[in-house]
Each structure stands twice: as structure tokens, then as C-alpha cells.
Amino acid sequence: MKLFTTLTSIVFLVGISLSSATFAKNERKLVIDEKQTSQHSTKINGKKIKYSATTGTQPVWDDEGSPTASLFYTYYQRTDIKNNSKRPLLISFNGGPGSASVWMHVAYTGPKVLNVDDEGYPLQPYGVKTNPYSILDVADIVFVNPVNTGYSRVLPNKDGKIPSKEEQKAMFFGVNADVKYLAEWVNTFVTRNNRWRSPKYLIGESYGTTRVSGLALALQQQQWMYVNGVILVSPTDIGIKRDGPVKSANRLPYFAAAAWYHNALPALYQAKDLDELLPEVEQFTINEYMPALAKGGFISSDEKLNIAKWVSMYSGLSVDAIIANNLDINNNFFWKELLRDRKQTIGRLDSRYLGIDKKVAGSRPDYNAELTSWLHSFTPAINYYLREELNYKTDVKYNMFGNVHPWNRSNNNTGENLRLAMAQNPYLNVMIQSGYFDGATNYFDAKYTMWQLDPSGQMRDRLSFKGYRSGHMMYLRHEDLKQSNQDVRQFIQQTLPAEDEAAKY
């Protein structure tokens, strides 16, 4: 009986041990450091190429060498090239902050794009299709997910505890903390993948433009890594102030573009092509609208009425509405007011999209019409693609938007950092890409940022702007997917120095 009791106890204890091991094994945690590679082929601009796709995680370490987070990435490398030492590497970031790399990964430069129609609206069944315009023919690409985005996660500390929110903020969640740890991560990635000799390019979208502007200098000064180009897609202010009358006036060219798209302008201006209309509105904005706003409450009644009439003609809003807002129209009011008579609102990130509100009355839309449409497509597509086509399997949730707030936005000098990086590196060029119908980071703000980036004007030949007839993610529209990729391709090809071209002034 005693022997039976002893055996029963042993079996019970072993059972507990096995159950604990099984439970631990099945915890929903990301593997800190792993990768796997699959082989593929595609056609780009009619030419067949072979490439590998590596999905994996790579740690972020603290000063003591302990892992503090692990970042998920996808790395595409052309395999029918014998020597990649001269082959460019494009390092890609999205924004938010708190947004995964999904947007440009499966909609812009990568070898696959969303199953959407020619204007970018979602189609079922959800998924991806070949991107015939990907820039993978001229550059390898790595899509990086910052902490808490995609599958990337904060790791427990040496005591097995997740750092507090304040500790995480200091480590990861701020303009400068973000740049610092990502610069270290990029260094490790480049070293592990033997890409030190490759020409390197940074591309960022939205807040990602703040990120890559800061990285350009951080890589130079902290990692001794010099890049050849920075591409700013739908840029934020990157620390270059646009307050007061500048901020208010700069919205008008975007208002004109959105109103034009929805046939809401007077016939004279509606009949003009966008390429003819926008330069006219831009000149009015700089030469007349901005100075009028600067006068504030001391503008004369006659001038106020005259400016209101012009703003009305260019924006599609009524003179009364403009006067009632003291000539200063905010975005939310515009999105609600432009098509109020049609009982429709327009989108924030892409004003081609239409929404319907509970009430026609009000001063702002109930929701962002474009974002709900995009999440239709992107969320199922990235989960399907990584798991079923690239064979990356995990029970960790893919965060389209991760918890990174509150974000420390203080001491944002990323625009000045980009200028200094350019000054120190004669090879470094910058291209800006913007959609005319983007109301979140409007195209004229992007132009203004470009104009103010280098006040000396001595580097203006290394700065360029490209505009497209779509929104924040201009590449969702098929025609702009083709053109924007071609613009990136040409930017890379044109900024590669000749073998005997020294980095000097």
C-alpha cells in the first residue's frame, strides 16, 4: 500500500511537471532571436527576378548586453545577383508612432501588394497579389517593426518583470529614444547580413519621416554608418515649426485639391486640371492668404471679405462659413462641411473616401472614412501573408497599431538633424513624396518643410518633391503605385555615386 502511495505521488508530481512544461511551452511569447528564409520569384516591369524572404526577430540590447526588446522584420534580398556589395539596401519604417510596417510592406515597395481595386478600395477575398512595380529589382528591402508594433515586443528585465510604463517610455517611446535604439538595431542588422559595403537608403512614412530624419544623423554620429538617401513619404513637420498663419494658410492648396476631386469648385476652377489649379492656389496662399491671416483681428472689413471670396472659390466652402471662422478653416470643419449638402463627409488621410454621419449637423466627422476601409484590407492580408506565404507562425498578435503612448515628443530636432547629416555627407540626398488628397500631412506642408529644411539654399539641388493624385498612402491607387515606385527607383539609381566619385564638396 505504501509502495502504491509512493508511485501515485511520483506519477502526480511528474504530471504536474509535464503540465507546467507544456504550459510554459505554450505561453504566447515571441522568440527573441530567430529567422527563417523562403525562396520566391516574381516579375517586375516585365523582367523575372528571384529573391529570398527572411522573416525573423532580432533583439535590442541595453548597455549591459541584456535584451530589452525584440523587433520583428521581413528582409527581401534578390538572389540572382552574385555580389551584393554594390547593391542598395532600403530600410523601411512606417509611423504612427505605434504603427506596424505593414502599410508600405504589402502596399508599396515590396514584392506583394494588397488585393484592392485600381483606386485602392478593398476587395474580397482578402489577400495579396504580385506587385509588378516593386523596387526589389534595384534594391534589397528590410521592413522593420518598432517596439510593440507588428510582432515586436518589450522583453522582461533581469528579474523577469516587464519594465514599467515610465521605464518603457524612457527606453523606447519618444522621438529621441526611438531613434537611439533603432540606430543600434540597424547596425546589428547590417553587420549580421554583411551589408556594410552596400549603399544604404532610409524610407519612412508619416511619423516614420521623423524617425528616418533622426536616424540619418544618429547612424552617422553614433554608428559611423553613412546613408546615400532618405525618402520622406507623407512627411510630418520633422521638428520644423509651422505655427500660426503658416499652419492655417498651408491647408488651402489641399482644400482646393479635395474640393476639385469632388467637383465642388466653381465651374471656372473645376474645369482646370489639377496641375494648373494647384500652382495658382499656392501662389495665392503665400502672397495673399498668409499675410491676411497674419493681420488677425486688425484686418480691414473689405480685405477680409475679398480674401474670403477667394478662399471660397478655391476651397468649395461658402463665403459665410469662411467669415464665420475668421478666415481660418480647420481640417475637421472642412471634412464635415465640404459635402454637407450631399449628406457626406470626406476622409482625413485620403479625402477621396466618403463617409456618412449620424447627423448632418456638427463640426467634425464621426469617423475617418479611409482608415476603416484600409483596415478591411490590411489586417487580414498581413496575417495571411506572413503565416501562409512566408511561413512565419506565431500565436503573438500582429499589432497594426501598438501601445506606445504617451509618446515623448520633446526636443524634436529631427529636421535639423537631417540637414546636418546632409551637410556632413555630400552623398546624402532627400526626396519627398506626397498625395494631393492627404489631409493629415498635407502636400503643401511637405513642400514648406522642404523649403525650410536648408535655409542656406546650398543643398537645394539634393532635395526633391513628387506629388500624386491620391492620399496619405498614395501607392494604394494603381496609377500612383506604378509612378511612386518608379520615382523611388530613379532616386536610388540617380543618387548612387560613380566608383571614382569622392564624398567631397
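Which handedness does the crossing of α7 and α9 have? I looked this up in a predicted model, and the crossing is right-handed.

**Entry 1, helix pair.** I recorded an angle of about 150° between helix α7 (residues 251-261) and helix α9 (residues 274-294), with the axes 9 Å apart. Because angles over 145 degrees count as roughly antiparallel, I noted α7 as roughly antiparallel to α9. On the α7 side, I listed L252, P253, A256, A257 and W260 as the contact residues. The α9 side contributes L274, L277, L278, V281, E282, F284, T285 and Y289. I sorted the contact by class into eleven nonpolar residues, one polar and one charged.

I found one cavity of 30 Å³ or more, and the volume of the largest cavity is about 50 Å³. Its lining includes P97, G98, D178, Y181, R211 and W407. I counted eight nonpolar, two polar and two charged residues in that lining.

I noted a volume of about 1100 Å³ for the largest pocket. Of its 40 lining residues, S206, T236, R348, A440 and T441 lie nearest the centre. I found that α5, α12 and α13 each supply at least two lining residues, and α12 gives the largest share, three residues. The lining divides into 13 nonpolar, 17 polar and ten charged residues.

The largest share, six residues, comes from α4. I classed the lining as nine nonpolar, three polar and four charged residues.

Note on methods
Residues are numbered from 1 along each chain as its sequence is written. This is a predicted model: local features need pLDDT of at least 70, side-chain atom pairs count only at pLDDT 80 or more; totals for chains, interfaces and linings use all residues. Side-chain values use heavy atoms; hydrogens and water are left out. Axes are lines fitted to C-alpha atoms, for helices over the stretch in contact, and angles run from 0 to 180 degrees between N-to-C directions. Helices (H or I, at least four residues) and strands (E, at least two) are DSSP runs, numbered from the N terminus. Angles under 35 degrees count as roughly parallel, over 145 as roughly antiparallel, 65 to 115 as roughly perpendicular and the rest as oblique. A crossing is left-handed if the near helix is turned anticlockwise from the far one by less than a right angle, and right-handed if clockwise. Contact means heavy atoms within 4.5 Å. Ala, Val, Leu, Ile, Met, Phe, Trp, Tyr, Cys and Pro count as nonpolar, Asp, Glu, Lys and Arg as charged, and the others, Gly among them, as polar. On a 1 Å grid over the protein atoms alone, a cavity is a set of points where a 1.4 Å probe fits but cannot get out, and a pocket is an open set with protein on both sides within 12 Å along at least five of seven lines; lining residues have an atom within 4 Å of a point. Grid points are joined across faces, edges and corners, and a volume is the space filled by probe spheres set on the points.
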